[in-house]
Amino acid sequence: MRRLSARLRIVLIVVALIALLFVGFLIFAHRPAIAEVAPPPRAAFAQADIAHGAELARIGNCTSCHTAKGGRPFAGGVPIATPFGTLHGTNITPDPETGIGRWSEPAFARSMRQGVARDGSHLYPAFPYDHFSSLTDADLHGLYAFLMTRRPVHLEPPANRMIPPLGFRPLLAGWKLLFFRPARFTTDPAHDALWNRGKYLGDGIAHCGGCHSPRGVLGNEKRDQPYAGGWVDGWYAPPLDATSPAIRAWTADRLETYLRTGLSTTHAAAAGPMGAVAHNLSQVRGPDVRAIAAYYADLMAKAPAARREPPLPDRADAAIRAHPKGAALYAGACAMCHEPGAPMVVAGRPVLPLGTQFHEHTPRDMIQTILQGVAPPVGAHGPYMPAYAGTLSDEQVAQVVAYLQTRHGTVRWDDLEDEVARARKEGKP
Amino acid sequence: MIELSVNGRTRRIDADASTPLLYVLRDDLGLVAAKFGCGLGQCGACTVLVDDQPVFSCITPIAALPGRAITTVEGLGTPDKPGIVQRAFEMEQAAQCGYCIPGMIARAEALLRHTVTPSEDEMRTAMSPSLCRCGTHMRILRAVRRAAAMRGGGVVDPAERVA
């Protein structure tokens, strides 16, 4: 009896300690709500600030997560697949009930800089506050002015579906403790004003690292490998540093053209999630896109292609002998657009071996491009390629990729059929 | 020789494996419903069904097709006995010059095999890869709505009522 009660006592103490730790954690994780305000009227904002915010919103590519396909601008609802479950982009129109209409400017600024919603709940780091935290007060004011003057849309996004217990938002305070270091921008005197502007925009509002930097097991961007290449929506976002696999140098001129038009005649067309980025940047006036291009061109200035642009391999005969099935599929499905002399190539599209996809360490981007094609945004011009997901089987896509790899590639890829199956699975919206 | 299943029949084709299906349909099999438009997979005039999926036959080599069920508009009905989608297109007088219509019908058939109760948005997304230069899109969409209704379903949130 005595022993039992002693054991019971120990259990009780342990339970009490756990409860105490839990309460302590909740106190640590707690953030106060910021009082609601009446939605500010249009007249509360200067036109110049609204226009400034509109530019930043384009550079920030807000619509990729906050405007659903076919949906109203900024009304949210975009499903965002993460290894931890599916999130949905929130409604950031000024609707008072379902949007941010009752958010004061300090509440908006706190969400951008600390990842905390107006009501005090922590935001998932899919919202890149680790980048936005470097924004100046003036830029945040512009974005606030722009968003608060959009047309309010009454629309509640679908509920997130996170792997338990990750739906419990206070846990994000733990994630922040481990990984979140608010970004600060400081001017680098070793570089000119354009480069510094590009760094401020690229590291900050444009959050290029959100896709182009590798992430750790808890979804954190690896701080020691910025821009070393990452993964997004089943695509590989290639490195933007000295490990860039591009076979032609990314000069500031070429990069600016690519970012503004979605097409580089020496690299590729913007495909997958990059398509929307280029579409947004195509509408940015002034020197900001040039600045971003100058900054990343400098980060890639020590990449192999920047030192020496190698000849383009074309081992057509060897490729036909090694992969006759892939060669036949290529001839019937791809050649009419992609062979030298085809109308598309004459019109300025890059020949295949220039494509950065051919030189990445993973075949993923080539596979996704074949499966999903390339589509300009609705109502917009841009590079186009039909999708072959419904036409070719996994085995056939693998045969085409094997043929192309032998013919034009510079990297060895294996297990292509498995890669195609994985690409199909991870590329599903 | 490559064996293809076209409209339920096995056909032996003496053509290079890289030949696009459209050429085989039109030149070897005399099935001329599917049309050559752009030859680049951009206009949809060549659309046929492969395993219930709409594909651009002009950019689909027959090497990709052994063991798969190819259906052209000829396989959906005859002038005397038109299929449901064909009748719906006729009732709505969806054709102007008619060049895009076989592709449109194939695309509508694929949609309705997938679901007879699509949303307006699903229907428009499914039909959007096919272009019509005459501008009869509204009639074409009406025809698809009608075909959905005739197959026991209907577009669940139609932008226009089917008369």
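Student: How many residues of domain 1 of chain B are in contact with domain 2 of chain B?
Tutor: This is a predicted model. Contact here means C-beta atoms within 7 Å. On the domain 2 side of chain B, 13 residues take part. Facing them from domain 1 of chain B, the number is 14.

Student: Which strand gives the largest share of the side of domain 1 of chain B that touches domain 2 of chain B?
Tutor: Strands β3 (47-50) and β4 (53-56) of chain B each supply at least two residues of that side. The largest share is three residues. They come from β3(B).

Student: How many residues of that side of domain 1 of chain B are nonpolar?
Tutor: Sort them by class. Two are charged and three are polar. The nonpolar residues number nine.

Student: What distance separates the centres of the two domains of chain B?
Tutor: Start with the bounds. Domain 1 of chain B spans 2-74, and domain 2 of chain B spans 84-150. The centres are taken over C-alpha atoms, and the separation is 20 Å.

Student: Which helix of chain A gives the most to the side that touches chain B?
Tutor: Look at the contact between the chains. It joins 15 residues of chain A to 18 residues of chain B. Helices α15 (324-333) and α16 (335-338) of chain A each supply at least two residues of the chain A side. The most, six residues, comes from α15(A).

Definitions and conventions: Residues are numbered from 1 along each chain as its sequence is written. Chains are lettered from A and ligands numbered from 1 in the order in which they are written. This is a predicted model: local features need pLDDT of at least 70, side-chain atom pairs count only at pLDDT 80 or more; totals for chains, interfaces and linings use all residues. Two residues are in contact if their C-beta atoms, placed from the backbone, lie within 7 Å. Helices (H or I, at least four residues) and strands (E, at least two) are DSSP runs, numbered from the N terminus. Domain bounds come from an automatic or database domain assignment. Ala, Val, Leu, Ile, Met, Phe, Trp, Tyr, Cys and Pro count as nonpolar, Asp, Glu, Lys and Arg as charged, and the others, Gly among them, as polar.
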